[in-house]
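Q: Hi! Could you walk me through this structure while I have it open?

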Amino acid sequence: MRLTTKGRYGVRAVVNLAVAVGNEPISISHIAKKEQLSPEFLEQIFFRLKKAGLIRSVRGPKGGFVLNHKPSEISVKTILDAVASLCSRRLCVDHGAKSCSRQDGCLISPSGRISTS
């Protein structure tokens, strides 16, 4: 599937929330630093994900964002619909293309579900 930058960032952000230990809140700045993404752009994406009900915010000194659903209940399509980023219907993982520098160790499974194992 060809994705816009917004779509890729959205999926990467949700994957980070999905693998959070104990479903602890994670800040946008933490994800931005870890994934080398623009924090300002991530804020826009988180706004859309929150509006779609996929994530929720937690206030306080250790606040941040958490998923509103189990990771296994969130499809990549749901994330893309939330950030309006679907461009085409070809999954990069279906063809094993090496065009993505992050392909090795990618947490997105071919089934379209986020894999946390």
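**Rings and helix packing**

A: Happy to, and one place to begin is Phe65, which is buried at 14% relative accessibility. Keep in mind that this is a predicted model.

Q: Okay, what does the chain consist of in terms of helices and strands?

A: The chain has five helices and two strands. Starting at the N terminus, their order is α-α-α-β-β-α-α.

Q: And how much of the chain is buried?

A: Of the 117 residues in the chain, 34% are buried.

Q: Back to rings, then. How many aromatic pairs are there?

A: The count is two aromatic pairs. In one of them, Tyr9 and Phe41 have ring centres 5.3 Å apart and planes at 70 degrees, so this pair is edge-to-face. The cut-off behind that label is an angle over 60 degrees.

Q: Where do Tyr9 and Phe41 lie?

A: Tyr9 is in helix H1 (residues 5-18) and Phe41 is in helix H3 (residues 39-51), so the pair ties together parts 32 residues apart in sequence.

Q: Are those two buried or exposed?

A: Tyr9 is buried, with 15% relative accessible area. Phe41 counts as partly exposed, at 22%, because buried means under 20%.

Q: What about Phe46 and Phe65, how are their rings arranged?

A: Their centres are 4.8 Å apart and the planes sit at 70 degrees, so Phe46 and Phe65 are an edge-to-face pair. Phe46 belongs to helix H3 and Phe65 to strand E2 (residues 64-67), so this pair links parts 19 residues apart in sequence. Phe46 is buried at 2% relative accessible area, and Phe65 is buried too, at 14%.

Q: Switching to helix packing: at what angle do H1 and H4 pack?

A: The angle between H1 and helix H4 (residues 76-83) is about 125 degrees, and their axes are 9 Å apart.

Q: Left-handed or right-handed crossing?

A: H1 passes H4 in a right-handed crossing.

Q: Which residues meet there?

A: From H1, Lys6, Gly7, Gly10, Val11 and Val14 meet Val76, Ile79, Leu80 and Val83 of H4. By class, this contact of H1 with H4 has six nonpolar, two polar and one charged residues.

Q: Last one: what share of the chain's contacts with a separation of 6 or more comes from residues 24 or more positions apart?

A: Residues 24 or more positions apart make up 64% of those contacts.

Terms used
Residues numbered from 1 in each chain as written. Predicted model: local features only at pLDDT ≥ 70, side-chain atom pairs only at ≥ 80, totals over all residues. Heavy atoms only, no water. Phe/Tyr/Trp six-rings, centres within 6.5 Å; stacked < 30°, edge-to-face > 60°. Helix = DSSP H or I, 4+ residues; strand = E, 2+ residues; numbered from the N terminus. Buried < 20%, exposed > 50% of the residue type's maximum accessible area, 1.4 Å probe, protein only. Axes fitted to C-alpha atoms, helices over the stretch in contact; angles between N-to-C directions. Left-handed = near helix turned anticlockwise from the far one by under 90°. Contact = heavy atoms within 4.5 Å. Nonpolar A, V, L, I, M, F, W, Y, C, P; charged D, E, K, R; others polar.
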